[in-house]
Amino acid sequence: MRRWLPFLGFVLLLSVFYLGLWHNPREVPSPLIGKPAVAFDLPLLGQPGQRFSPSQAAPGPWLLNIWASWCGECRREHGYLLELAAQGIALYGLNWKDDGRKAAEHLARAGNPYRQVAEDATGRAGIDWGVTGVPETFLIDAQGIIRAKHSGPLNPKVWERKFQPLLSGAGS
Amino acid sequence: MKGLWALLCCLLAATALAGEAQVNASDPQLEARLMGLATDLRCVVCQNETLAESHAPLAQDLRNEVRGLLRQGKSDAEVIAYLTDRYGDYVLYRPPFKPLTYLLWLGPLGFLLLAVWAWYRMVRRQRRTMPDNGP
């Protein structure tokens with residue numbers, strides 16, 4: 001029996017490594033979960049003179065989607081974002097380190113799932129939200145508390161696993 | 001031919017010096033503090049690099065952010081708190097020693113002790129089952 005111990009150890013280690021292959025290295029736990037949505041005051045995309053801050057989001061839970069026109073992964077989730085918006089989910093966009101003109105063009109071409117889009121040209125607001133890349137999506141509940149963060153494109157699986165369970169308890 | 005190889009090696013070595021991201025020369029003491037802090041912070045994009053050496057745009061932004069904080073007179077601890085508030089402990093290049101990371105820090109030593117114990121047991125068993133071992 002003792003003889004098999006090293007082999008069992010090897011199998012155990014191999015299993016740990018195998019499971020690790022499915023981990024997303026960009027998925028870093030955010031210290032903002034459970035904290036109020038971080039304030040910012042940014043211009044609205046394509047609407048000079050108008051501004052947006054998280055306190056202006058519609059009442060009820062809402063999503064903050066960080067995106068950019070130069071981001072390939074963002075295109076992968078764009079169709080799904082349009083679906084979510086059509087279902088009535090409140091989506092607000094944060095256009096991160098982008099060219100406002102290109103961003104507006106992209107939305108005009110691909111469709112606009114956002115209630116409003118704030119322009120974070122310098123990425124300063126992104127730093128406050130702990131953004132490490134695009135796309136990222138935050139779920140903020142009806143009380144204005146950040147409840148979840150997803151790094152990477154949104155898809156039905158992520159939605160069901162991560163965001164849906166929270167929505168049923170977030171006063172939707 | 002040897003001389004050419006030597007030259008090639010020197011040039012190659014010189015590029016290693018260019019590894020540190022561009023240094024702002026206006027306040028050398030501040031920059032030294034910045035680099036000191038940045039070598040202990042992780043670039044959250046290129047996650048195996050320190051904030052000091054990464055050329056990622058976000059790393060550049062974060063270095064500027066830290067530079068701004070240092071100019072405001074913030075202490076090293078305040079800068080670190082600023083970053084961990086936003087990015088979590090992961091932004092520290094050296095993981096803090098707390099219950100969550102005990103396994104990370106003590107694991108290797110634990111495995112070593114386990115291996116030594118197993119080896120000791122194995123040797124003792126061999127001695128017992130081979131009585132004619134030795135003169």
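Visitor: What is phi of A:Lys97 near?
Guide: Phi of A:Lys97 is near 45 degrees, a positive value in a residue other than glycine. Keep in mind that this is a predicted model, where local features need pLDDT of at least 70, side-chain atom pairs count only at pLDDT 80 or more, and totals for chains, interfaces and linings use all residues. Residues are numbered from 1 along each chain as its sequence is written, chains are lettered from A and ligands numbered from 1 in the order in which they are written, and side-chain values use heavy atoms, leaving out hydrogens and water.

Visitor: Which unit do β4(A), α3(A) and β5(A) make?
Guide: A right-handed β-α-β unit, with α3(A) covering residues 100-110. Right-handed means that, with the strands pointing away from the viewer, the path from the first strand over the helix to the second runs clockwise.

Visitor: In what sense do β4(A) and β5(A) pair?
Guide: In the parallel sense, over 5 bridges. β4(A) is residues 90-96 and β5(A) is residues 116-120. Two strands pair if DSSP finds at least two bridges between them. A:Tyr92 has A:Gln116 in β5(A) as its bridge partner.

Visitor: How many helices and strands in chain A?
Guide: Chain A has 5 helices and 7 strands. From the N terminus the order is α-β-β-β-α-β-α-β-α-β-β-α. Its C-alpha trace spans about 75 × 35 × 30 Å along the principal axes.

Visitor: Where is A:Pro135?
Guide: A:Pro135 sits in the loop between α4 (124-128) and β6 (136-140) of chain A. The peptide bond from A:Val134 to A:Pro135 is cis, with omega near -5 degrees.

Visitor: Back to α3(A). At what angle do α2(A) and α3(A) cross?
Guide: Roughly 55 degrees, and their axes come within 12 Å. Axes are lines fitted to C-alpha atoms, for helices over the stretch in contact, and angles run from 0 to 180 degrees between N-to-C directions. That makes α2(A) oblique to α3(A). Under 35 degrees counts as roughly parallel, over 145 as roughly antiparallel, 65 to 115 as roughly perpendicular, and the rest as oblique.

Visitor: Which residues make that contact?
Guide: A:Arg75, A:His78 and A:Leu82 of α2(A), with A:His106, A:Leu107 and A:Ala110 of α3(A). Contact means heavy atoms within 4.5 Å. The residues divide into 3 nonpolar, 2 polar and 1 charged. Here Ala, Val, Leu, Ile, Met, Phe, Trp, Tyr, Cys and Pro count as nonpolar, Asp, Glu, Lys and Arg as charged, and the others, Gly among them, as polar.

Visitor: Now chain B. How far apart are the axes of α2(B) and α3(B)?
Guide: The axes are 10 Å apart, and the helices pack at about 125 degrees. That makes α2(B) oblique to α3(B). The contact includes B:Leu30 and B:Leu34 of α2(B), and B:Val66 and B:Leu70 of α3(B). Its residues divide into 6 nonpolar, no polar and 5 charged.

Visitor: At what angle do α3(B) and α4(B) pack?
Guide: About 140 degrees, with axes 10 Å apart. α3(B) and α4(B) are therefore oblique to each other. Among the contact residues are B:Val66 and B:Leu70 of α3(B), plus B:Tyr82 and B:Tyr87 of α4(B). The contact of α3(B) with α4(B) divides into 9 nonpolar, no polar and 2 charged residues.

Key: Helix = DSSP H or I, 4+ residues; strand = E, 2+ residues; numbered from the N terminus.
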